[in-house]
Amino acid sequence: MPVQSLQNTDVIVPQHTPHPLLPFLQSQSQTTLTRLYQRPSSCLSIFRLLGPIERQLIMNLLWLESALSVATISAWVLPEGKDAYDSALAVMTGLHIAQNSAVKLALNPTFKSSLRQAITGGGSTGSFGVPTDKDGKRQSANIENLDAYALERWETILHYMVSSGQGQNPTKPSQGVLYLLQRSGLMNNAHGPALQITSSGFQFLLHSPHDQLWNLLLQYLHMAEERQMDLVEVLSFLFMLSTMDLGREYSTEPLSETQKAMLEDLRDYGLVWQRKTSSKRFSPTRLATTLTSSSPPLPSSHSTGGSHTADGTGAVALSSGAAQQGFIVLETNYRIYAYTDNPLQTAVLNLFITMKYRFPNLVVGMLTRESVRKALGNGISADQIISYLTTHAHPQMRKNNPLLPVTVQDQIRLWELERNRLKSAEGYLYKDFASQADYEYVLAYAKQLDVVLWENASKRCFFGTLEGHANVRGFIERRTGSV
Amino acid sequence: MAPRNRDDNFMDVDSDSDISLLGDVEHRGKGKGKSKTTDKRKKDKGKAKAKEQAYTWEASYTRSWDTVQEDEAGSLQGAVEDLMARGRRRRLLAPAAAIRRTIIRHLVLLLDLSAAMMDRDMRPTRFDLMLQYAREFVVEWFDQNPLGQIGVVGMRAGIGERIGEMSGNPQDVLKCLSERTRLEPTGEPSLQNAIEMARSSMSHLPTHSSREILIIFGSLTTCDPGNIHDTLDACVKNKIRISVVALAAEMKISRDLCDKTGGQFGVAMNEGHFKDILFELVPPPAQRAVARAGGPGANPAADLMMMGFPTRLPDSSPPSLCACHSDMKSEGFLCPRCMAKVCDVPTDCDICGLMIVSSPHLARSYHHLFPVKPYEAVTSMEGESMPQAACHACARIFSTSVSTAATSEGMSPWGRYRCPDCHNDFCAECDVFVHDVIHCCPGCGK
Amino acid sequence: MEKASHLSVIVDLSPTQWHLSAQTSNQYPLSIETFLSQLLAFLNAHIASKHENSLVVFGALPGKSVLLYSSTELLSDDVPSLDANSYLPFKLVDSTVVQRIMNEFDAIGELEEEPSCALVGAVTKALCYINRITHPSSTTAGVAEDPSIVHDPRILILSVSPDLSSSYIPIMNAIFSAQKLKVTIDVCKVYGPDTVFLQQAAHLTNGSYIYLERRDALLQYLIMSFLSPTSIRKILAVPKQDKIDFRAACFCHKNIVDIGFVCSVCLSIFCQPLPVCSTCSFLSIHSNDSMLLAPFSLLQTHA
């Protein structure tokens, strides 16, 4: 995500890109949402996905019993924040969190009581997951194991995607995952039986783990709709996972059938861990518990940047906010040094650089015209390459301003522009006209139809689009026939 | 001095200057720990090489990387900790009792705007660097001297030029320093003309305030209409302190100006050193300096001044006329004695003449008066039945293992520093933060 | 993307003042129990706003200040048992804060005379804590881009005690260091008269000072005025105080004065003219006495 580059600039009005889940929720009916809002954990999670202004407005209204007049509320808003306020209000009404009549504004009563319950505790909905008692016999999975598990699952998926293009298939993810990848259009089997990564799949690889996760989950939600699963149950299970405590075990007893079925899918994605498929308990992994936090803390070991992991894991386990370390150093001579031993990261880098050397903890490569063009050919855009390099820049690089050498950035963009010189279109070439008059006559007709893509008067030929062919051909036939 | 020995001829003329420079640097030993290390080494080297080499300025050249020593393992940890220890010791040496300082300060900043300032031996040019540091200096100066005033005078084309009037508002001063094109250097500087101008603008000031001139001087010449020593005598008589930061070499007259008036003199060796010696002039000078300058019989007057602390009216209050400009305004300050409304503080009330200041302005300088007692490094854990588990201030857990690197004096191997009054333990970071920023011990609350 | 925000809450826990506050003769009596329950809801709301938000609670008790809760350190070993109906971080805050306050109150015991509340200690501790989390020491592993470095740290002081004039200088020093660290200090005056120093604290750090008029609506006040980080305050307005009193405390009798005598050397403030400045022991010049006393007598007649 390019947001990282905003780091140093003073953001005057808080920038907030709406969470990808929100449009999906907005497309749901009011009854679905109201059912969803019955669970405090869902309300809390949705609350966290909202922008800062929405959150403050909700909090302001949360403890009021009666509706407030719109005039009173807009009196809080400073003139320069009017637009931000209006859009916040639109989001809230779209989600049916706020009930907006022309004069009064109040929260959805279900949402209100559930969020209150979430904050004060109590109630009997059990929406935060029923923990299991400590089991003396088997020790529950500790946090490192969970992280390793989540990481392994997640990287299997990504690695499968990256390597499919090269034809060397590592461990295959489960069938469910493959289906989901295919459904979401990240991979397809257009060229033979094996799945091939698509251009959107390439783009997907360069996203932050948090975005990738939500991307897949959104697809999962769409799929759930088709599979006639109860969307409310699916969503509330996801939200419940996001409020659970890392490193604890929860009981599967109170889950509904749909949710138990989901458990299997989520296990494949690495969101939950179970000792056995038949186990009566499960533990959420870090992927699940950070679903609603905005900075994407995938398990820390994601950046197996050599020495970082050794002392990194302990510290990160405490503060979930610690993100992965950057590992890429890019020099003005287009050389890239990537301090990583992670095959996935190497594979992703391989999408757009030419590898030179590989060492146990270091990969050296070059950004070349060929390598970047290959990436562009795969549907990756120059901006995505740049933002990937920016987000994963080594701490040493962070001292530079601008972060990436300008020459390299510009050149990547130029290489992209280069590709745009050629545009392909299917069509027909008309040539060998008998006379100049014939040629001009037909050309004039074709131009009337606006189907001419290219013309050359001296060679007496022109190129027309596919759609226009039938007409032009008919015209020529009529003309030759009439002569 | 190495960057500037491009012209051996003039260096010959001034060859005695480097010796006195070293002496001066040594004299200023209370500076930042870092610069001190450099200075010390410089001096040692100077001594050693003086025997073999004829020219002291050649001897004074030290490579910056020589000043840091790696330990056996090739780590700089030891050197860094040594620096920290020095910092701590410096604080321990500082007198804990209240020092008398002049707090109402008046300063004229004399900027050299002669052609010599376009020299590129400091990056990007001496002139640009001077402007940049001058702005930073002004900000820091007002932060520490809230009741002070700064005026700006430039020296160019043989005359003194008033760039900014004496003002207590940092924004005014910064504004006149911000227009680079207006200050474009040209011609020869004239110290005498500029000092006379600065002196006249301070002649009316009350006796209890300090009068200071700070000269940033890049030229090696001055072209004066009369005898500059007369000007110097006048300054001594008016108790004006002159400090000079020279960017080129030392000149006899600039050193005389400082020595006779009790100011400080320094030659900037590089960009960092320039900033260091400039910023040493930020804290209010201790009172003894003035006494020394004044000589016998010059007992600086200390009056108790009556001051009022106003009430600030909010922006939403009903508008009314102000006493100073007769403008209709809603915001403003109420004089506590006559309840007249004035626009801005600090000022004198236009109705009753009471000096109105905002008390936070005064309070900003109190940490000079009541410094926190230095914490003692805990060097022995014996006899501690229940050592505190975490830093009393920031709740950082103390490590139980002994750090081997910290063997030098003033450092605690446990990273614990104890307040002599409340006997609470603090971590090294909080120790520095408490003494440098907060000026208030979290344990004793004073 | 929006950053995590840090909130340090300082709770004034003066038993005497809370006892007075709970008395039914007040228009809106507020006992410490109700206060705490509403405060906890507010703290939870802060944590709820963002997963990464950090929270520290300090208590200013008579004669000492204590850390009640910190989101980065586990203060008590016994983690509360999970239950299905509450979010664990909320429960952790609630139980830790309540338990620690109870412990502290039990420890106070019956004292003849209650020492004044160590508000300054709590504020300086909060500042040290903020200094620690905003400037992680170079020794920690994460070198440059650590998103756990918080932006926009804030301190909220919930005050019930009146101004303690002896703490004038330390509190001003604390305010200036807050300014340097770019920390916003918000003040909610829950009970008792307006405090001049805290008004100045809020004003100088661009925070808001609110005198709680309707004390039954404490939670609504807290949420509307003190929950939003500074970036949101540019869009949704937050009430500011109307009048700021710039009075200071004199050094000699610790009186709060609006007209004082200031030593021209060290700027110490005195409520009456002295021959010798007690701070810097500077002799004031006798020749000026007449000039000095003239306005003083004027003042007397004025009063």
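This note sets out numbered points on the predicted model, taking chains A, B and C in turn.

1. Domain layout of chain A. The assignment divides chain A into domain 1 (2-120), domain 2 (143-289), domain 3 (325-419) and domain 4 (427-482). Between the C-alpha centres of domain 1 and domain 3 of chain A the separation is 39 Å.

2. Helix packing in chain A. Helix 4 (residues 52-62) of chain A packs against helix 6 (residues 82-94) of chain A at an angle of about 70°, and their axes are 9 Å apart. Helix 4 of chain A is therefore roughly perpendicular to helix 6 of chain A. From helix 4 of chain A, the residues A:I53, A:E54 and A:L57 take part. They meet A:A84, A:Y85, A:A88, A:V91 and A:M92 of helix 6 of chain A. By class, this contact between helix 4 and helix 6 of chain A comprises seven nonpolar residues, no polar residues and one charged residue.

3. The annotated C-terminal region of chain A. An unreviewed UniProt entry places the feature "domain: Transcription factor Tfb2 C-terminal" at residues 410-476 of chain A. In the model, residues 410-476 of chain A are 48% helix and 21% strand. The end C-alpha atoms of this stretch of chain A lie 49 Å apart.

4. The three-stranded sheet of chain A. An open sheet with antiparallel pairing is formed by three strands of chain A in the order 13-15-14. Strand 13 and strand 14 (452-456) of chain A are at the edges and have a single partner strand each, so one side of each has no neighbour in the sheet. From one strand to the next, the twist averages 10°. Strand 14 of chain A pairs with strand 15 (residues 461-465) of chain A in the antiparallel sense, over four bridges. Within this pairing, A:W454 stands opposite A:F463 in strand 15 of chain A. Helix 20 of chain A packs on the sheet and touches strand 13, strand 14 and strand 15 of chain A. The direction of helix 20 makes about 155° with that of strand 14 of chain A.

5. A backbone point in chain A. A:D432 is not a glycine, yet it has a positive phi of about 55°. The residue A:D432 is located in the loop between strand 13 (427-430) and helix 20 (436-449) of chain A.

6. A hairpin in chain B. Strand 2 (residues 149-156) and strand 3 (residues 159-167) of chain B pair in the antiparallel sense over six bridges. The bridge partner of B:R156 is B:I159 in strand 3 of chain B. Two residues lie between the strands of this hairpin, and B:A157 takes a positive phi near 50°.

7. A cis peptide in chain B. The peptide bond joining B:R123 and B:P124 is cis, with omega about -10°. B:P124 belongs to the loop between strand 1 (105-112) and helix 6 (126-144) of chain B.

8. The sheet of strands 15, 16 and 17 in chain B. These three strands of chain B form an open sheet in the order 15-16-17, with antiparallel pairing. Strand 15 (376-377) and strand 17 (425-426) of chain B stand at the edges with a single partner strand each, so each has one side without a neighbour in the sheet. Strand 15 of chain B pairs with strand 16 (residues 417-418) of chain B over two bridges in the antiparallel sense. Opposite B:A377 stands B:Y417, in strand 16 of chain B.

9. Domains of chain C. Chain C is divided into domain 1 (5-233) and domain 2 (248-302). Five residues from domain 1 of chain C and five residues from domain 2 of chain C make up the contact. On the side of domain 1 of chain C that touches domain 2 of chain C, the residues are two nonpolar, two polar and one charged.

How values were computed:
Residues numbered from 1 in each chain as written. Chains lettered and ligands numbered in written order. Predicted model: local features only at pLDDT ≥ 70, side-chain atom pairs only at ≥ 80, totals over all residues. Pairing = 2+ DSSP bridges. Axes fitted to C-alpha atoms, helices over the stretch in contact; angles between N-to-C directions. Parallel < 35°, antiparallel > 145°, perpendicular 65-115°, else oblique. Contact = placed C-beta atoms within 7 Å. Nonpolar A, V, L, I, M, F, W, Y, C, P; charged D, E, K, R; others polar. Domains from an automatic or database assignment. UniProt positions renumbered as here; feature names shortened; annotations may be inferred.
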